[in-house]
Amino acid sequence: MEIDLGAVSDERQRVEKRTAELFDLIENFDAVLRTVGSDEVARFELLCEQMFSSFVCPDESVVFPGAAPLSNLDTGDAMPGVYPPFAAALRDEVGLVDTDGHHYYGPEATAELVEAARRFLARTGFLGGEPLSGLEVLPSAGTVHGYDALCKVLVRNQADTVIVPELGYGFFLTQPHRVGGRVVDVPCDGRGRVTASSLRQVIEEQNRLLWQDWVQDRELLFGRAARKLAAAGIVAHEGENTRRLAEISDAMAADPDAWRSAEVGRQLLDLTTGQGEYALRRVRDALRPPCVVAFLHIQPTITGHVYSQSEVESLAAVLAAAEVVALEDIAYHSIRCDLRDLPSMQRTNALTHTMIGLSKPMAIANFRIGLLYAEKSQSDRIRRALESTTGYISTMLQRALTAGLNSEEYDRYTTERSFGADGYEFRGRLVHQFLTGGQGELAGAARDLAMRQARRCPELAPFVDGFLATGLSSWLRPFNRPDAGFFQVVSCAPMLDSERFRGLGVRSSFDVFALLAYVFGMRTIPEEGMRPGTRAGTRLRIAFSVEPDVLAGLFLRVFAGLSVLAEG
């Protein structure tokens, strides 16, 4: 291939110019970030604003000749191709707009959807095909909506805490804070999973810290809660009750687990005699110290690890012992791993609400539909929490989803998309090839794709051989080989350890994200966008659901540009 030296020179100048601009942007971002302190909502809102506005490549016409792709590597989009039975049923529903469009409906599922949702999980082998009669089916605007409703129900006291994996979803971080709670992350191991020992340690540590803080302000907090209960007519703050409340307060201040004890339970029962279980729970929740109330369990993990049955049971045992509710997120099922092969916390000894995402498996993200399988003991409150938002699902979409869930095409559809030509499995292996280079099993396909990109963008041609030989291994390293889903997590350690890039101001995974996005048009998700807190991250999340040509063009351009920067 003939090399266009002028185009190569122009690309070098572009990279150097944009890199110089970039680190002014990063300095400004860091300065603003310092002002938000420990306000997690403000931090995440700032992160989103900056990621999706400031750190956008100003040279899209150069980076993407023709037109920029709708989906970049930060996407949660599935491969194109909506699940045909859903699409066909939705087209039929359009004809009912005039007769049904003017009605209000509640947030509950239609009877037909409830039955279809239960049959769907049984038919696909979830929980070994066991019946799910003990669970209420609630449709939601994606799993995020279901999670939001669960947080509204479970966070009862100021500082009640939801634990999330450190490699998780950014859009699951702010919901507990918005209802007065907190989010704390639990470390993930080398496979991206949360272990039972790590989870136990974080729960115990957070409960102890929360209790200690509560003890310091006990008289104010307990007294305020008691007065509110009295004002609500639940517990009179007079006579014998005054002594009982003082004894309960003293007991809770002496032991972090006292509020769970049988003795305090009897004292609370005396306060609420004749008022029933609901009043007893309400009084206990109002008077107790804040605590860990829930754990977000992501199966499979962001890194594509599938928790085994024994791993799930070990986590569930920790949650049950601590009276922590499992919020089970199963959004990336049926993508290189069937539902039947995903062990669930349902039927363990941990109270579990399961969120089943459909946006990715059925490629219907634009419709924002998910299913929440909630424990019936709490389903009424969760339904009301869903109803208090504008996101509950119309019966027209519910009927289309019912037809999709009832169809026998699901297994064939998801298998073809996972393992067919250019499917998820191929794209995942292709990304690994682009990251590592060398003579892997897809070396030939990688070469064909890279050469096609070099013909479209002549400035990249001199870098093709080097790219195919080493990939991006000098700067990014695969964290693991994902077994499910369509994310590849990478470590930025090679770049962060490089004196050259540290000299350019690259100190964290957010800085790496910013460099790749602003200069080269490759958008990823930095670790700082996957977990709470302001500490510097070291990992990026890459989606490989986009088209192979888009993957090849972005990876080759990044290789060329980082090579230029590494030379100095």
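Predicted model: local features only at pLDDT ≥ 70, side-chain atom pairs only at ≥ 80, totals over all residues.

Modeller: Ala-445 belongs to helix H19, which covers residues 443–456.

Four strands form an open sheet in the order S8-S9-S11-S10. The pairing is antiparallel. Look at the edges. Strand S8 (477–478) and strand S10 (525–526) each have a single partner strand, so one side of each has no neighbour in the sheet.

Take strand S9, residues 487–491, as the part to study. Two bridges join S9 to S8, and these strands run antiparallel. You can check the partners by eye. Arg-477 has Ser-491 of S9 as its bridge partner. Pro-478 stands opposite Val-490 of S9. Then turn to strand S11, residues 539–543. Five bridges join S11 to S9, again in the antiparallel sense. Here Phe-487 stands opposite Ala-543 of S11.

Is S9 covered or open? Five of its five residues are buried, so the strand is mostly covered. In a regular strand, side chains alternate between the two faces of the sheet. Follow that pattern here. Phe-487, Val-489 and Ser-491 lie on one side of S9. Gln-488 and Val-490 lie on the other. Both faces are covered, and all five of these residues are buried.

Thr-352, Thr-354 and Ile-356 point one way. His-353, Met-355 and Gly-357 point the other way. Now look at the partners of S6. Strand S5 (residues 325–330) runs parallel to S6, with five bridges joining them. In that pair, Leu-327 stands opposite His-353 of S6. Strand S7 (residues 370–375) pairs with S6 in the antiparallel sense, over four bridges. Thr-354 has Tyr-373 of S7 as its bridge partner. S6 therefore takes part in a parallel pairing with S5 and an antiparallel pairing with S7.

Last, compare how helices meet. Two packed helices are described by the angle between their axes and the distance between the axes. Take helix H9 (residues 196–216) and helix H14 (residues 309–322). Their axes come within 8 Å and cross at roughly 20°. That makes H9 roughly parallel to H14, because an angle under 35 degrees counts as roughly parallel. The crossing is right-handed. Which residues of H9 and H14 meet? From H9 come Ala-196, Leu-199, Arg-200 and Ile-203. From H14 come Ser-314, Leu-315, Val-318, Leu-319 and Ala-322. By type, this contact holds seven nonpolar residues, one polar and one charged.

Key:
Residues numbered from 1 in each chain as written. Heavy atoms only, no water. Axes fitted to C-alpha atoms, helices over the stretch in contact; angles between N-to-C directions. Parallel < 35°, antiparallel > 145°, perpendicular 65-115°, else oblique. Left-handed = near helix turned anticlockwise from the far one by under 90°. Contact = heavy atoms within 4.5 Å. Nonpolar A, V, L, I, M, F, W, Y, C, P; charged D, E, K, R; others polar. Buried < 20%, exposed > 50% of the residue type's maximum accessible area, 1.4 Å probe, protein only.
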